Amino acid sequence: MPTVTVQQGPRDVALKRELVRRITDAFVDAYAIPAETVTVWIEEYAAESWGAAGSLTADK
C-alpha cells in the first residue's frame with residue numbers, strides 16, 4: 001500500500017483534488033495496483049513557516 005506525503009504551501013481544494021487523483025493514477029499505472037491501495041497525505045505550511053535558499057518563503 002503506497003503512501004505519498006506532499007508538503008506544500010496552501011492551495012485551493014480543487015487543485016488538491018486534482019493532485020491526489022494524478023498521484024493515485026501514477027501509482028495505478030506504474031505498479032498495476034488498485035487505486036484503493038494508494039494513500040496521499042497533503043501537509044500544508046504557511047509561507048512564514050518554511051523557506052528556501054536562506055530566506056522565508058513569506059519574504060519573497
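**Entry 1: Val-4 and its contacts**

I count two residues as being in contact when they have heavy atoms within 4.5 Å of each other. With that cut-off in hand I looked up Val-4 in this model, which is predicted, and found that Val-4 touches Ile-23, Phe-27, Thr-39, Val-40 and Trp-41 once residues up to four places away in sequence are left out of the count. I noted that Val-4 sits in strand β1, which runs over residues 3-8.

Is Val-4 buried or exposed? I read a relative accessibility of 17% for Val-4, and since buried means under 20%, Val-4 counts as buried.

I then asked which residues make up the largest nonpolar core. My list has 5 residues in all, namely Val-4, Val-6, Ile-23, Val-38 and Val-40, and I marked that Ile-23 and Val-40 are also among the residues that Val-4 touches.

**Entry 2: Thr-24 in the helix**

Next I turned to Thr-24, which lies in helix α1, a stretch covering residues 13-31. Thr-24 has a relative accessibility of 12% and therefore counts as buried, the limit being 20%.

Where does the side chain of Thr-24 reach? I found that it comes to the backbone oxygen of Val-20, at 2.8 Å. Leaving out residues up to four places away in sequence, I also found Thr-24 touching Ala-35, Val-38 and Val-40.

I checked the spacing of Val-4 and Thr-24, which are 20 residues apart in sequence, and their C-alpha atoms are 9.2 Å apart in space.

**Entry 3: Salt bridges**

How many salt bridges does the structure hold? I wrote down 4, and I looked into several of them individually.

In one of them, Lys-16 pairs with Glu-44, with the closest N and O atoms 3.2 Å apart. Lys-16 belongs to helix α1 and Glu-44 to strand β2 (residues 39-44), so this pair ties together parts that are 28 residues apart in sequence. Glu-44 itself is partly exposed, with a relative accessible area of 34%.

Another joins Arg-22 to Glu-18, where the closest N and O atoms are 2.7 Å apart. Because these two residues are 4 residues apart in helix α1, about one helical turn separates Arg-22 and Glu-18. I recorded Arg-22 as exposed at 53% relative accessibility, whereas Glu-18, at 29%, counts as partly exposed.

A further salt bridge brings together the side chains of Asp-25 and Arg-21, at 2.8 Å from N to O. Asp-25 and Arg-21 are likewise 4 residues apart in helix α1, so they too are separated by about one helical turn. Asp-25 is partly exposed, having a relative accessible area of 33%, and Arg-21 counts as partly exposed at 41% relative accessibility. Through salt bridges that share partners, Glu-18, Arg-21, Arg-22 and Asp-25 are joined into one network.

**Entry 4: Two loop residues with positive phi**

I went looking at backbone angles and stopped at Ala-32, which has a positive phi of about 55 degrees although it is not a glycine. Ala-32 is found in the loop between α1 and β2, and at 69% relative accessibility Ala-32 counts as exposed.

I then noted Ala-53, a residue other than glycine whose phi is also positive, near 55 degrees. Ala-53 lies in the loop between β3 (51-52) and β4 (55-56), and with 83% relative accessibility Ala-53 counts as exposed.

**Entry 5: The whole chain**

What pattern does the protein follow when read along the sequence? I read β-α-β-β-β, which goes with a count of 1 helix and 4 strands.

For the overall dimensions, I noted that the C-alpha trace spans about 45 × 25 × 15 Å along its principal axes. The radius of gyration is 14 Å, while a compact globule of 60 residues would have one near 10 Å. Of the 60 residues, 17% count as buried. Among contacts between residues at least 6 apart in sequence, I found that 57% join residues at least 24 apart.

Last, I consulted the UniProt record, an unreviewed entry, whose annotation "domain: 4-oxalocrotonate tautomerase-like" covers residues 5-59. Over residues 5-59 I found the chain to be 35% helix and 25% strand, with the end C-alpha atoms 25 Å apart.

Terms used
Residues are numbered from 1 along each chain as its sequence is written. This is a predicted model: local features need pLDDT of at least 70, side-chain atom pairs count only at pLDDT 80 or more; totals for chains, interfaces and linings use all residues. Side-chain values use heavy atoms; hydrogens and water are left out. Buried means under 20% relative accessible area, exposed over 50%, partly exposed in between (1.4 Å probe, protein chains only). A polar contact is a pair of N or O atoms within 3.5 Å; within protein, one must be able to donate a hydrogen and the other to accept it, and residues adjacent in sequence count only if both atoms are side-chain atoms. UniProt positions are given in the numbering used here, feature names are shortened, and annotations may be inferred rather than shown by experiment. A nonpolar core is a set of buried Ala, Val, Leu, Ile, Met, Phe, Trp, Tyr and Cys residues joined through side-chain atoms within 4.5 Å. The radius of gyration is taken over C-alpha atoms; the globule rule is 2.2 Å times the number of residues to the power 0.38.
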